[in-house]
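Good morning, and thank you for coming. I would ask you to look at the structure with me as I speak.

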Amino acid sequence: MAERFGGYQNEIYLHGLGGTAPPFTTDPTRLAESAREVMTPQAYDYVAGGAGSGATMAANRAAFDRWRLVPRMLTDATRRDTAATVLGTELPAPVLLAPVGVQSIVHPDAELATARAAAALGLPMILSTASSRTIEEVAAASGDGPRWFQLYWPADSDVTASLLNRAQKAGYTTLVVTLDTWTLAWRPRDLDRAYLPFLTGEGLATPLSDPAFRALLDSAPEDDLPSAVLRWVSLFTGTDHSWSQLPFLREHWDGPIVLKGIQHVDDARRAVDAGVDGIVVSNHGGRQVDGAIASLEALPPIVRAVGDRIEVLFDSGVRTGADILKALALGATAVLVGRPWVYGLGHAGEDGVRHVLRGLLADLDLSLALTGHRTIGELGPDSLRRS
């Protein structure tokens, strides 16, 4: 599998002999600017923007630069294996598609395109509650591919239970509960355009199709969308939950439960005490708190505190194969990737997502080889030096 990933490089060069170049850039540092040329200004700013001044987004990238890989030689790394098992899901590489909502503003095929691309590569797509397509539609597009479900936790217990029941029936195996977005941060790019896609019904396919949510409405969303949107706002934003409420989720979910948005060691310890199966060390890609600690800075102390008792996943700022190696070497069991493949979706739908992911996996495979490692398990703190 690893050799197949690295082989994407050869495929590109061979196609070049026939005069065919990649559909768009393979350079992760140019991907956002390239996407800006093909996406609407509103959609691009919604995806690319962050909280406040963008300081947390910058910190995420700077944190990766502070760690440097230390290559080793003559390690017999000709054949490699990037496979990993994460919370019971067997993966060809420890990479998951982070939950990203309202993909219809990026491409008309939205989450269906992403699901098909992820399934073709054997990677889990973590479906956002804020999806532009229903849970069931995205599950069908995923076919036999692995899939996880992300929950924006509603303030209504019946709606929460209904969403979880639908996801389990549709074959989603792992629940990822996002903790850091119970209300929106101050996001200047969106505010300057007065743009919030949910207010026009975009990204609301899951609640608008949910029987428990619809039971709360005086009229069906098809007849009175503005009232349904306002009801959604009252249920899905503005309410912060508590640790004491986590048992409710366990009562309604049979598989692994992961808490996303952990940045403090004490919160990681509380997650262990609460009996969840995993956490994602994440600052939501810098979209929620301006001036926050970089996710990669938070990772090592959290791994030291709880890594022997719980699976620690990572996201925020991942752009390259080297980034993935660094996060894994610092103790993450897998990484979540967001913006890069969304830019791919904006470029070319399903083909664009697949191109970005294949490039990222090829970069991971080749970087693993050239640093002298044959398996993901060989990575560790000795693979890095602090710059």
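Predicted model: local features only at pLDDT ≥ 70, side-chain atom pairs only at ≥ 80, totals over all residues.

**Helix packing, cores and a loop proline**

Sorted by class, the residues in the contact of H15 with H16 are 6 nonpolar, 2 polar and 1 charged.

Two packed helices are described by the angle between their axes and the distance between those axes. H15 covers residues 321-329 and H16 covers residues 339-370; their axes come within 7 Å and cross at roughly 60°. H15 and H16 are therefore oblique to each other. Their crossing is right-handed.

H16 also packs with another helix. How are H5 and H16 oriented relative to each other? The angle between H16 and helix H5, residues 110-121, is about 15°, and the axes are 10 Å apart. Angles under 35 degrees count as roughly parallel, and H5 and H16 are therefore described in that way, as roughly parallel to each other. The crossing of H5 and H16 is right-handed. From H5, the contact is made by Ala110, Ala113, Thr114, Arg116, Ala117, Ala120 and Leu121. From H16, the residues include Trp341, Leu345, Gly349 and Glu350. By class, this contact of H5 with H16 has 10 nonpolar, 2 polar and 4 charged residues.

I turn now to the nonpolar cores. Which residues of the largest nonpolar core touch the most other members? This core has 103 residues, and the ones in question are Tyr172, Ile279, Leu299, Ile302 and Phe314. H16 gives the most to this core, with 11 residues. Let us take Ile302 as an example. Leaving aside residues up to four places away in sequence, Ile302 touches Ile262, Gln263, His264, Val265, Ala268, Ile279, Val281, Gly307 and Val312.

Finally, I would draw your attention to a proline. Where is Pro28 placed? Pro28 is in the loop between helix H1 (2-17) and helix H2 (31-36). With a relative accessible area of 34%, Pro28 is partly exposed. Not counting residues up to four places away in sequence, Pro28 touches Arg319 and Thr320. Pro28 and Val356 are 328 residues apart in sequence, and their C-alpha atoms are 8.8 Å apart in space.

Technical notes. Residues numbered from 1 in each chain as written. Heavy atoms only, no water. Axes fitted to C-alpha atoms, helices over the stretch in contact; angles between N-to-C directions. Helix = DSSP H or I, 4+ residues; strand = E, 2+ residues; numbered from the N terminus. Parallel < 35°, antiparallel > 145°, perpendicular 65-115°, else oblique. Left-handed = near helix turned anticlockwise from the far one by under 90°. Nonpolar A, V, L, I, M, F, W, Y, C, P; charged D, E, K, R; others polar. Core = buried A, V, L, I, M, F, W, Y, C linked by side-chain atoms within 4.5 Å. Buried < 20%, exposed > 50% of the residue type's maximum accessible area, 1.4 Å probe, protein only. Contact = heavy atoms within 4.5 Å.
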